[in-house]
Amino acid sequence: MIAQLHGTLLEATLSTAVLDVSGIGFEVGISGMTAAALPALGEEARLYTRMRVGNDAVALFGFATVEERTMFDRLVSVSSVGPRLALAVLSKYSVSQIYSIVMAEDTAGMSAVPGVGKKTAQRLILELKGTLAKDHGLAAADVPARGQLPLAHAASSPLDDARAALLSMGFSPQETDLALDGYDGENMRVEDLLAAALKRLGMDA
């Protein structure tokens with residue numbers, strides 16, 4: 001079982017990343033949250049991984065944090081929920097948000113995930129609630145800022161903090177990038193960046 005990969009980031013999209021580990025390129029499926037936390041191409045990163053063996057393929061999935069990997073494990077344990085749907089949930093919501101949605105039995109919130117209908121949302125909540133009730137650490141799981149994967153040592157900046165805050169509020173990585181486009185974070189407070197970003201997103205700060 002491959003539990004983690006540490007190497008150089010060669011390629012990255014919103015759904016996949018390729019890490020060069022000692023000359024071998026590993027392609028892993030990732031969530032939008034993990035995609036937003038990746039460092040620049042050519043830099044080092046560590047992804048916590050899970051290998052899934054299917055009837056006709058072996059797939060590897062990578063996560064920015066141990067908590068995200070744990071939530072992935074919980075999601076795929078639900079009947080009829082595969083890795084791709086689990087990643088869709090993790091792309092829409094942070095780990096702590098998923099925990100809150102499940103514990104609050106928020107079917108509408110879970111149904112907001114692309115590909116999750118009302119019946120699937122109800123099944124997810126029903127099957128996850130008992131398990132998550134014993135896993136309180138997931139309730140306070142942090143959202144890593146852009147470039148803040150393990151071994152990506154860049155110091156946190158106001159822009160990073162603003163991006164992490166928007167992701168934790170439920171905005172997608174794409175919405176977050178568009179909202180902060182053009183800002184370099186220099187000489188700006190996190191509060192100012194958030195106010196400007198929320199205005200672009202059509203919300204009051």
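Ala, Val, Leu, Ile, Met, Phe, Trp, Tyr, Cys and Pro are counted here as nonpolar, Asp, Glu, Lys and Arg as charged, and the others, Gly among them, as polar. The model is predicted.

The chain holds nine helices and five strands. From the N terminus on, the order of elements is β-β-β-α-β-β-α-α-α-α-α-α-α-α. The chain has 205 residues, and buried residues make up 45% of them. Contacts were also sorted by distance along the sequence. Among contacts with a separation of 6 or more, 56% join residues 24 or more positions apart.

The largest pocket was examined next. Its volume is about 210 Å³. Twelve residues line this pocket, and the closest to its centre are Ser91, Lys92, Ser172, Pro173 and Gln174. Helix H3, residues 83-92, and helix H8, residues 173-180, each supply at least two residues. By class, the lining of the largest pocket divides into five nonpolar, five polar and two charged residues.

The second largest pocket has a volume of about 160 Å³. Its lining consists of Ile2, Thr16, Glu27, Val28, Gly29, Met51, Val58, Ala59, Leu60, Phe61 and Arg84. Here strands contribute. Strand E3, residues 24-29, and strand E5, residues 58-63, each supply at least two lining residues. The largest share, four residues, comes from E5. By class, the lining of the second largest pocket divides into seven nonpolar, two polar and two charged residues.

Helix H2 spans residues 66-76, and helix H4 spans residues 95-103. The two pack at an angle of about 40°, and their axes are 9 Å apart. Angles under 35 degrees would count as roughly parallel, and 65 to 115 as roughly perpendicular. H2 and H4 are therefore oblique to each other. On the H2 side, the residues that meet H4 are Glu67, Glu68 and Met71. On the H4 side, they are Val95, Ile98 and Tyr99. By class, this contact has four nonpolar, no polar and two charged residues.

Helix H9 covers residues 190-200. Its buried residues are Leu193, Leu194, Ala196, Ala197 and Leu198. An α-helix has 3.6 residues a turn, so residues three or four places apart point the same way. After H9 comes Gly202, with a positive phi near 80°.

His6 lies in strand E1, which spans residues 4-12. Buried requires under 20% relative accessible area, and exposed requires over 50%. At 36% relative accessibility, His6 therefore counts as partly exposed. His6 and Ser22 are 16 residues apart along the chain, and their C-alpha atoms are separated by 9.2 Å.

Arg46 is found in strand E4, residues 44-53. Because its relative accessibility is 21%, Arg46 counts as partly exposed. Arg46 and Thr65 are 19 residues apart in sequence. In space, the C-alpha to C-alpha distance between Arg46 and Thr65 is 9.3 Å.

Terms used: Residues are numbered from 1 along each chain as its sequence is written. This is a predicted model: local features need pLDDT of at least 70, side-chain atom pairs count only at pLDDT 80 or more; totals for chains, interfaces and linings use all residues. Side-chain values use heavy atoms; hydrogens and water are left out. Buried means under 20% relative accessible area, exposed over 50%, partly exposed in between (1.4 Å probe, protein chains only). Axes are lines fitted to C-alpha atoms, for helices over the stretch in contact, and angles run from 0 to 180 degrees between N-to-C directions. Angles under 35 degrees count as roughly parallel, over 145 as roughly antiparallel, 65 to 115 as roughly perpendicular and the rest as oblique. Contact means heavy atoms within 4.5 Å. On a 1 Å grid over the protein atoms alone, a cavity is a set of points where a 1.4 Å probe fits but cannot get out, and a pocket is an open set with protein on both sides within 12 Å along at least five of seven lines; lining residues have an atom within 4 Å of a point. Grid points are joined across faces, edges and corners, and a volume is the space filled by probe spheres set on the points.
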